[in-house]
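Hi,

Here is the structure I promised to pass on. Have a look at it first, and then read my notes below.

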Amino acid sequence: MTNNFFKSLVKNRKLTAKERIANRLAYMGTGLIMVAPYILSQGNVGPIIYIIGGLISIPQVFIAKQWNLVAVNINVMIGYTLYLINTT
């Protein structure tokens, strides 16, 4: 009984090619954002990795219409771009 209820809540569909590529980019971007804090002290490499990670994470959250995460990623990119400009 509960199994049928839960199945009725989920729409069974395949992801489009655009959604699959965006998801893979988001995984890579998330990985870069996770690694970047550990290498911030290594010159400009950490902030650059933060910026790249935020940039390649945007397509997935844009397609999913998660506007708060789009804003967070843009904020990360702007913040670390300013950090790079001010430290060099």
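Let me start with a question: which residues does asparagine 73 touch, not counting those up to four places away in sequence? Keep it in mind while I go through the whole chain; the answer comes further down.

First, a caveat: this is a predicted model.

In other words, the chain has four helices and zero strands.

As for the overall shape, the C-alpha atoms fill a box of roughly 60 × 20 × 20 Å along the principal axes. The radius of gyration is 17 Å, whereas a compact globule of 88 residues would come in near 12 Å.

On to contacts and surface. If you take the contacts with a separation of 6 or more, 52% of them are between residues 24 or more positions apart. Buried residues make up 23% of the 88 in the chain. The accessible surface is about 6,700 Å², and carbon and sulfur atoms account for 66% of that.

Now back to asparagine 73. You'll find this residue in helix H4, which covers residues 67-87. Is asparagine 73 buried or exposed? It counts as buried, because its relative accessibility is 9% and the cut-off for buried is under 20%. And here is the answer to my opening question: with residues up to four places away left out, asparagine 73 touches Ile33, Gly54, Ser57, Ile58 and Val61.

That's what I have so far.

Cheers

Terms used: Residues numbered from 1 in each chain as written. Predicted model: local features only at pLDDT ≥ 70, side-chain atom pairs only at ≥ 80, totals over all residues. Heavy atoms only, no water. Helix = DSSP H or I, 4+ residues; strand = E, 2+ residues; numbered from the N terminus. Rg over C-alpha atoms; globule rule 2.2 N^0.38 Å. Buried < 20%, exposed > 50% of the residue type's maximum accessible area, 1.4 Å probe, protein only. Contact = heavy atoms within 4.5 Å. Areas by Shrake-Rupley, 256 points an atom, 1.4 Å probe, with all protein chains shown as cover.
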